[in-house]
Amino acid sequence: METKNVMIVGVGGQGSLLASKLLGRLLLGKGYDIKVSEVHGMSQRGGSVVTYVRFGDKVYSPVIDKGQADFIVSFELLEAARWTEFLKPGGKLIANTQRIDPMPVIIGAAEYPEDLAKKMLDAGIDLDAMDALSLAQEAGSSKAVNLVLMGRLSKYFDIPQEEWMAAIEASVPPKFLEMNKKAFALGANA
Amino acid sequence: MKQLMLGNEAVARGLYEAGCAFVSSYPGTPSTEITEAIAKYPEVYAEWAPNEKVAMEAAFGASLAGRRSFCGMKHVGLNVAADPLFTLSYTGVNAGMVIGVADDAGMHSSQNEQDSRHYARAAKVPMLEPSDSAEALAMTKLAYELSEKFDTPVLVKMCTRVSHSQSVVETGERVEHLKEYQKDIAKYVMMPGNAKRRHPVVEARTRALVEYAESCEINVVEEGEDKSVGFITSSTSYQYIKEVMGDKHPVMKLGLIWPMPEEKIRNFAASVEKLVIVEELDGFIQSHCRDLGIQCVGKEVFSCIDELSQNKVAAQLGKDVVSGTKLEENIPPRPPVMCAGCPHRGLFYTLKKNKLTVLGDIGCYTLGAVAPLAAVDSVICMGASVSGIHGFCKSQNGAADNKTVAVIGDSTFMHSGITGLVNMAYNESNATVIIVDNSITGMTGHQQNPTTGFNLKGDPCAKIDLETLCRAVGIKRVRVVDPYDLKQCDEAIKEELAAEEPSVIISRRPCALLKYVKHKAPLTVDQDKCVGCKACMKIGCPAISMVDGKAKVDATQCVGCGVCQQLCKLGALKEV
């Protein structure tokens, strides 16, 4: 199989590492060659973060470059807009509509662009926008945005639900399992 | 069993399987997880040392005693440990000794972009360079064999993309390797007479390693039908060239990046019409080829600045690169910032308010240089704040004494701030040093250090008392402040700057991200009282923004630290 590329983007501290861990577990179980590239250290401190997940028969580069992502899963709307160049033709952008102001906006040195979702759609980007934060809160925790978005991504993957569930069970602590499963289901069915 | 592992975890697994018994490291992105992962194997003694020099010397001690040992560090850490490295090259080892060093091309979390391969050449020590997790595991084990066979410490060089990428590995069993300690003055006591006899041994070893490089399994030639061009590469650059070119052209991948083979490279160069060297950062392989008189292209096309990627490689090789749709919109950048509730914030606000010159250091608090605080004047390397302020103030003959401070974290102070403070006491500075003690090594992801009272494995252990330590080196004025209390910070800084002798202020409060730190309820804004004056915005807290002319607190981020409350003269920021 030709290598598939999934980018997970967001703001440091939003929980994107758990999402990539979950995807890695899921895809390893399918027998693929996989590479998952993460960001640690300084850029994690509230900065723009990106994780690359690649799978197929043989994966070489650990990173995804411009024009190569089959999917971008964004935890925040501005971050979704930041990375659109990385989508390949026909690639899909799944975006949480949550707004988190970056420091230049907070201190008034820059503006948070208005109507980003509409602008992305107008630019011909295949955008699937959702209020993942509300669904996460409905599931029991605003921290479950990652599972809501993974639920949404699962709609586009030809992988049975029970395999996703097994990967979730292997990735989250038992205490939070039910809440995370609920968040996943809400994302998948939204 | 097949599993996904970070490159760093794979190094740790390699250490485990190779029978490594002793690990001493200092954390540093992107190397930290090697040592965190090895700490989970009960068979291996593992510790955080106060700095990389101590770690390397401790690892040497274990090797001398007959136990396979390891020390891990980031590229700039190898600068700190360079002193023992160059002489360990002369002594060689007893049991195998491996040094892990992780470069950070692209400077994701570093202050420079140095290429550590130069150290292998300069110290005349072999260096292995894995290109994924499976190789990281295998090469770590091989490094011990080479260390013992060639009687040398061996460097395993990682980089951000290998360290922090998970890929598939197959694990094996642990095999113990124990040696006896044997006294050998001529080999291990490096005074001139002995060192003179060891230098020729080092040169002979390098010649033997070149022989090994000619035929070793980790220097691979992958054949390709189209010989109009051939590539020599290593590490993650190998992955990029394979991604772009597949199996079309011949590729030589050097797993042993120092010393490099000669005949093997000559033969490869002769087998292709054009030789292209694909490597990140400096032209290290290219220089070697040039030394051999081989014509090649490398740094002329692949920049020595920043990371490579498949698109960069493809573009330089004349391949089409198609980008996705770029949004025609001004997308504001999102630089890293101090977290909501970060104890450093209140302190840096006070420094800015007093218009002080601040010599900064390496850690989360380097972010004090970012707007709107913008309260840091210099950051060089670990410890440079304390040493630097001494020179800054001394050279100004007292004119800078009451408007300059050094700021250094607890872990960084332990790493290399102490000697600077000794210099201040000994040479009678009148400067003020602030130790921002957040009770953890924050930036690298919460590692314990000598001031926290816990060791790498999380067990309680001896705790270095900062106040006692500072007094012991001769600083009489040592005081502690709570950085959440702006008035207390302001008073302490004014008083210590005014004092006619050196001072240490310890700004103490645990990192807000530590699990044991209890957060207060998020604050809210009284809409009737807020007039939108933006006084609360001066601290650059990511939880506060202005919406429709009034302050708004993001309840998902706010931890109720109360620093913003102290700035609001109208009492608009309230506890619920």
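Begin with Lys124(B), which is partly exposed because its relative accessible area is 30%. This is a predicted model. Lys124(B) sits in the loop that runs between α6 (117-123) and β6 (127-128) of chain B. Display its backbone: phi is positive, about 60°, although Lys124(B) is not a glycine.

Select Ser439(B) next, in the loop between β16 (432-437) and α18 (466-472) of chain B. Ser439(B) also is a residue other than glycine with a positive phi, here near 65°.

Two peptide bonds of chain B deserve a stop. Select Thr29(B) and Pro30(B), which are joined by a cis peptide bond with omega of about 10°. Pro30(B) belongs to the loop between β2 (22-25) and α2 (32-38) of chain B. Then move to Ala371(B) and Pro372(B), where the peptide bond is cis and omega is near 5°. The loop that holds Pro372(B) lies between β14 (357-359) and α16 (384-395) of chain B.

Now turn to the sheet. In which order do its 8 strands lie? The order is β6(A)-β5(A)-β4(A)-β1(A)-β3(A)-β2(A)-β8(B)-β1(B), in an open sheet with mixed pairing. Select β6 (126-130) of chain A and β1 (2-6) of chain B: these stand at the edges with a single partner strand each, so one side of each has no neighbour in the sheet. From one strand to the next, the twist averages 20°.

To see where strands of the two chains pair, select β2 (residues 33-37) of chain A and β8 (residues 165-170) of chain B, which run antiparallel and share 3 bridges. Within this pairing, Val36(A) has Gln166(B) as its bridge partner in β8(B).

Remain in chain A and select Ser141(A), in the loop between α5 (132-139) and α6 (145-154). Is Ser141(A) buried or exposed? Ser141(A) is buried, with a relative accessible area of 19%. Neighbours within four places in sequence aside, Ser141(A) contacts Ala136(A) and Met179(A).

Finish on the surface of chain B with Ile185(B), Val189(B) and Met191(B), a nonpolar patch with about 260 Å² of accessible area together. Of these, Ile185(B) lies in helix α9 (residues 185-188) of chain B and is partly exposed, with a relative accessible area of 46%.

Note on methods: Residues numbered from 1 in each chain as written. Chains lettered and ligands numbered in written order. Predicted model: local features only at pLDDT ≥ 70, side-chain atom pairs only at ≥ 80, totals over all residues. Heavy atoms only, no water. Pairing = 2+ DSSP bridges. Helix = DSSP H or I, 4+ residues; strand = E, 2+ residues; numbered from the N terminus. Axes fitted to C-alpha atoms, helices over the stretch in contact; angles between N-to-C directions. Patch = residues over 30% accessible without salt bridge, like charges linked within 9 Å, V, L, I, M, F, W, Y side chains within 5 Å. Areas by Shrake-Rupley, 256 points an atom, 1.4 Å probe, with all protein chains shown as cover. Salt bridge = Lys/Arg side-chain N within 4 Å of Asp/Glu carboxyl O. Buried < 20%, exposed > 50% of the residue type's maximum accessible area, 1.4 Å probe, protein only. Contact = heavy atoms within 4.5 Å.
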